[in-house]
Each structure stands twice: as structure tokens, then as C-alpha cells.
Amino acid sequence: MYTSFKVKNFRCFKDLELGDLARINLIAGKNNVGKTALLEAFWIHQGGNNATLGLKIDAFRGIHEFNSQELLRDLFREFDSSRKIELSSYDDAGNTRRTIITECEQRITQFPLSENNENMTPEQETSSQLSEPLSSGIAFNYIDESGKGYEASMYLVEGNGKMRVQFDRASFPKRPVGTFLAAQSRTDPAVNAERFGNLRITKEQGEMVRILREIEPRLQSLDVIPRGGKPIVHGDIGLDRLVPLPLLGEGTNRLLSYSLAIAHAADGIVLIDEIENGLHYMVRADVWKAIAALARRYNVQVFSTTHSEGCIRVAHRAFVEDGQYDFRLHRLDRVADTIEAVTYDQETLAVALEDGLEVR
Amino acid sequence: MKRLSPEFKPFKPVERPKVILTEGLDGKEVFCALLSHLGLIEDFEVRDAGGKDNLRRYLRALVITPGFRDVVSLGVVRDANTYPEGAFQSVHDALEAAGLAAPEKPFDAVGKHPRTTIMILPNGDDRGELEDLLLKSVEDDPAMDCVEQYFECLKNQLNDHMIPKKLAKARAHAFLASRRRPSLRLGEAAQAGYWPWNNPAFDSLQSTLNNL
């Protein structure tokens with residue numbers, strides 16, 4: 001489990017250090033202080049040398065078009081790719097891992113990026129026409145806990161009148177899963193169905209039913225049923241037929257996605273942007289307790305952003321009641337031209353909540 | 001004082017450049033009234049940090065509260081009670097535990113961003129509390145003769161174990177009971193103007209606040 005994380009020259013961060021990380025971490029702060037960017041940094045780092053994640057995080061933000069001058073240049077602070085990005089993690093076993101991202105000389109041009117990120121392949125083909133001259137590529141170098149480096153680069157190549165993104169990756173580090181749940185989009189029902197199916201194989205599906213009952217007490221069971229060629233999780237809520245989960249409330253679906261993502265990312269991390277979105281149940285302590293129990297069971301570390309005062313208050317109360325306070329609130333503050341982080345432990349968060357000290 | 005449920009206490013960032021922490025609501029109201037009298041209140045935020053046992057944890061949370069980075073002065077008020085040196089030392093240690101500069105004696109100001117001052121009442125040296133300071137300001141008030149006679153009478157009429165433990169608090173309440181609105185708490189009385197801020201008893205404290 002990560003205990004601290006450093007981010008240099010990534011997005012809005014000059015030199016951020018986030019310490020005292022716990023099993024469940026909430027990240028707060030004003031607008032434009034880099035809450036989502038911090039999750040992105042974690043995700044890229046967790047992906048080892050998987051350069052496609054750089055494209056995916058832009059796609060999550062709705063950026064699907066790039067040109068030769070700016071392909072992933074937005075990852076670099078102030079778009080200055082002359083300064084390398086460094087993402088460094090430290091875990092509770094004393095291990096250090098680093099991801100170094102640098103610009104490299106390659107040919108890149110404008111192309112559309114598919115939104116279907118789950119299916120992105122190492123050679124993502126595009127149909128755009130060449131519109132920019134030679135430019136630079138980008139290299140991801142991951143250095144594992146033993147000091148071994150894994151390098152990958154990404155650039156555009158031209159062939160048969162088409163441009164395609166070329167990824168060069170000689171070897172893949174073995175990394176636990178990192179799952180990113182973006183704020184603006186629902187998880188693909190087919191992805192949820194696959195993850196639920198995996199739980200059925202190991203007979204762990206009952207846990208999901210128990211968690212979803214926290215917000216849908218009528219739920220008796222869950223099953224995966226193909227519809228139009230795609231598998232979809234259905235629920236039995238006591239009607240004379242099963243109901244596709246996407247037809248139930250946003251809260252039910254988001255909680256299902258969160259829970260399945262945690263189960264899917266065993267020994268890894270889950271990143272949830274704006275956890276309270278569409279989910280007023282996150283102001284219920286029992287939902288937090290269920291998520292915490294799941295994270296412990298699958299040894300997953302959760303990082304989530306929030307704007308919600310209620311979400312923070314109830315999460316704190318839930319962990320106090322739970323008796324196992326493996327929870328921290330981190331706030332990002334803009335200080336002059338840098339972003340700094342402060343962390344609330346149980347004592348400081350308790351006194352802030354009791355005495356009305358702002359924490360967001 | 002029973003705390004409100006955490007569910008209902010609204011969040012408040014630090015919004016002013018100077019902060020004073022008191023150890024109770026009465027202290028907060030007294031300092032607000034005194035700062036208003038001095039025309040300084042717009043620069044100050046006075047917060048009740050709870051009882052003396054809460055100060056250390058309160059300071060740890062305060063220093064990471066949004067807005068605290070812009071605070072230039074922090075004053076911590078504490079009653080001396082029976083052990084002025086101990087009261088001072090506990091505030092000193094709490095400041096250090098929060099990563100703040102800690103003065104070496106009461107009413108000194110040290111450090112930068114923020115500069116810190118520890119105000120041990122009634123005067124930094126003597127035993128006692130806020131009430132002693134307030135009573136000193138009204139010792140020439142005619143009603144105080146009656147208050148003294150009242151306590152002399154109590155002393156003669158009651159067994160020792162029935163006499164109020166904290167005589168200064170009892171005398172302050174007895175004095176306030178002599179006013180036109182007899183049921184005000186210490187802080188309310190301060191807001192109502194019952195304590196004569198121009199009395200020399202407040203000179204030292206006023207000087208500290210002016211320089212904070």
C-alpha cells in the first residue's frame with residue numbers, strides 16, 4: 001500500500017508531495033487545484049510504462065483530438081516538455097517506484113482518439129489525414145522497486161496513407177491493477193458485467209448484493225444476462241422479471257461500479273473522481289463502511305476526490321464507528337505558483353468537524 | 001460546554017489576518033468586546049478553542065485550515081488558574097506541537113507568519129483567571145463593597161466545603177447580579193459594556209492586543 005506519493009511537473013503540479021496515505025483517501029480542495037490531475041498521476045504511475053494511459057486521461061476529460069505539437073504535451077506543467085515529469089511512490093514495505101515521462105523526437109500528427117478506451121490497443125489505428133509536420137513523441141520510463149527500468153515510447157507513424165499511433169514497449173512490468181472511474185461517465189455496463197462475472201466464478205457475488213442492498217433494499221440477487229449481444233448485470237428486485245441495473249438509479253449503478261472496480265483491482269488501486277456524483281448515498285455511513293470493508297478484503301487502496309461537505313463528515317463518522325480508522329482527508333491548496341497538500345488524520349479531522357474549521 | 005453534533009456545525013475558513021484563541025465562549029465574547037472597543041475587531045478573528053485539554057489538537061487542525069497560511073499573528077489566551085507556569089508551558093508545548101513558534105514568556109511575541117503570543121490571565125505572573133482581571137477593573141465600583149460583604153457573610157454562615165471553589169468566578173457573577181440586567185454571563189456582560197475597558201487594569205492586555 002502506498003504511504004506517500006510525489007508528483008513533479010505533471011499537469012498543474014510543480015513539486016507536490018502527498019503523505020500519510022491510508023486505505024481510503026479523500027482528496028478535497030478548491031476548483032482548479034489539481035484534484036483530478038492527482039488521480040491521473042496515480043493512474044499513470046500504477047500503469048507502469050503504459051503510455052496509452054496518457055491518451056486515456058485526456059479522453060476522460062473530453063479531449064479526443066491532438067496535433068503534432070501537443071500530443072500529450074498537456075501532461076507537462078505549463079505545457080513545457082523540456083522538464084521531465086516524475087511520479088514517485090513509496091509503499092509500506094519500503095519500496096520506491098518511479099515513472100519518468102519525457103519528450104522524445106518522433107513524428108506525430110493530428111488524429112482522433114476513440115472514446116472506447118477499454119479497447120485501446122498498443123497500435124491504435126486512426127483514419128485522420130496527416131496535417132502536421134514532424135514533431136516529438138513521448139517516452140514513459142518506469143523504474144520498479146528493484147531499480148529495473150521499463151521504457152516505452154509513443155509517436156505517430158505513417159503508412160498506407162493513414163496515420164497511426166505507434167507504441168514501442170519492449171517489456172511490461174508486472175503491476176497490480178489501477179482502475180480509474182471518471183467523473184463524467186458511467187462505467188460501460190459490459191465492463192461491469194465482466195467484472196461481476198469474475199466474482200461469480202469465485203462465488204463472491206453475494207458481497208455485491210449485500211452492498212447494493214444498502215441503497216436498494218429490494219434487491220435479492222444479481223445476474224449477468226446478454227442483451228443485444230452485450231452482457232448486462234440484471235437485478236431481482238421482487239418483480240416478476242429481472243431488471244437491467246442501468247435502469248435502476250444512478251446511485252445504484254455508481255455504487256455497483258465502485259464496488260466491482262475494487263473487487264477487480266485486488267492488491268491495486270481504485271481512483272474515483274467526484275465520488276459523490278449522482279450518489280447522495282455517499283452521505284450515508286453504512287455505504288462508506290461497505291466500501292471500506294471491500295477495500296480491506298481485496299487489499300485495494302482507494303483515492304477519490306470530493307467537493308461535498310456531507311461526504312467528508314459522514315466518511316469520518318463511518319470510520320470512527322467502524323473502529324478501524326484507515327481513512328485520510330487530503331486537501332490541495334494553491335500557494336503562489338505551486339500546489340501543496342495537507343492531510344487530516346482522525347484527530348485533526350475530528351476537531352475540525354467539531355469546531356467548524358473549514359477542511360475543503 | 002456540550003458540543004454541537006459534527007453533523008450541524010458549519011465549516012468556516014480563517015478569514016482575517018490575526019487570530020486569538022480563547023478557552024471558552026465567555027473568553028471569546030470578552031475579547032471580541034475588548035477588540036471592538038479598541039477598534040481592532042476587523043483585523044481579528046476570535047475563536048473558542050474549547051477547554052484547555054483541547055488546545056493541542058485544535059492548534060494541529062487550525063494550522064492546516066484554509067486561510068491560516070495568511071495569518072500574521074496568533075494569540076492564545078489561557079487562565080493561569082493555580083499554576084501560571086504550568087498554564088504557560090502547556091500552551092507553549094501545544095504551539096510547538098503544531099509547528100508554530102513558541103514564546104519563552106507570557107505576552108512576548110515571537111516568530112513570523114504567524115507571530116505568536118501567549119496571554120496568561122490575569123497578568124502572566126499571578127494565579128487566577130479572566131474573572132480576576134475583570135474584577136480588578138471594577139474594584140472601585142460601589143457595588144463591589146456589597147459583593148465583598150456578601151462573601152464575608154457567606155464565609156461566616158457556611159461551612160468551608162459549601163463556599164464556591166472558584167471565588168473569582170462567584171464574585172464576578174455576584175458583581176454582574178448587581179447590574180441593571182442581572183442575569184448576563186461574563187461574555188454577554190462584556191458585549192453589554194459592563195466592564196470598563198478604559199480602566200488601567202486592561203492597559204497591559206490592550207497594549208498586547210495593539211501590538212499583536
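Pro114(B) sits in the loop between β4 (109–110) and β5 (115–121) of chain B. Strands here are DSSP runs of E, at least two residues long, and helices are runs of H or I, at least four residues long, both numbered from the N terminus. The peptide bond joining His113(B) to Pro114(B) is cis, with omega about 0°. A cis bond also runs from Leu121(B) to Pro122(B), where omega is near 20°. Pro122(B) belongs to the loop between β5 and α4 (130–137) of chain B.

This is a predicted model, in which local features need pLDDT of at least 70 and side-chain atom pairs count only at pLDDT 80 or more, while totals for chains, interfaces and linings use all residues. Residues are numbered from 1 along each chain as its sequence is written, chains are lettered from A and ligands numbered from 1 in the order in which they are written, and side-chain values use heavy atoms, with hydrogens and water left out.

Chain A has a backbone feature to note as well. Glu78(A) is not a glycine, yet its phi is positive, about 55°. Look for Glu78(A) in the loop between β4 (65–66) and β5 (85–91) of chain A. Most residues other than glycine have a negative phi, and most peptide bonds are trans.

Now the helices of chain A. Two packed helices are described by the angle between their axes and the distance between the axes. The axes are lines fitted to C-alpha atoms over the stretch in contact, and angles run from 0 to 180 degrees between N-to-C directions.

Start with α4(A), residues 205–213, and α6(A), residues 285–297: they pack at about 160°, with axes 10 Å apart. That angle makes α4(A) roughly antiparallel to α6(A) (over 145 degrees counts as such). Their crossing is left-handed, which means that the near helix is turned anticlockwise from the far one by less than a right angle; clockwise is right-handed. Glu207(A), Met208(A) and Ile211(A) of α4(A) touch Ala290(A), Leu294(A) and Arg297(A) of α6(A) (contact means heavy atoms within 4.5 Å). The α4(A)–α6(A) contact has four nonpolar, no polar and two charged residues. Ala, Val, Leu, Ile, Met, Phe, Trp, Tyr, Cys and Pro count as nonpolar, Asp, Glu, Lys and Arg as charged, and the others, Gly among them, as polar.

α4(A) also packs on α5(A), residues 250–264, at about 145° and with axes 10 Å apart. This crossing is right-handed. Met208(A), Ile211(A) and Leu212(A) of α4(A) meet α5(A) residues including Leu255(A), Leu256(A) and Ser259(A). By class, the contact of α4(A) with α5(A) has seven nonpolar, two polar and no charged residues.

α6(A) meets α7(A), residues 309–322, where the axes come within 8 Å and cross at roughly 60°. The crossing of α6(A) and α7(A) is right-handed.

Finally, how much area do chain B and chain A bury between them? About 2200 Å², with 54% of it on carbon and sulfur atoms. Buried area is the accessible area (1.4 Å probe) that two parts lose on being put together, summed over both. In chain B, Phe11(B), Ile64(B) and Arg69(B) lose the most area to chain A, together 35% of what that side buries. The contact takes 20 residues from chain B and 25 from chain A. Five salt bridges link the chains (a side-chain nitrogen of Lys or Arg within 4 Å of a carboxyl oxygen of Asp or Glu). Glu347(A) and Arg60(B) form a salt bridge, at 2.6 Å from N to O.

Notes: Angles under 35 degrees count as roughly parallel, over 145 as roughly antiparallel, 65 to 115 as roughly perpendicular and the rest as oblique.
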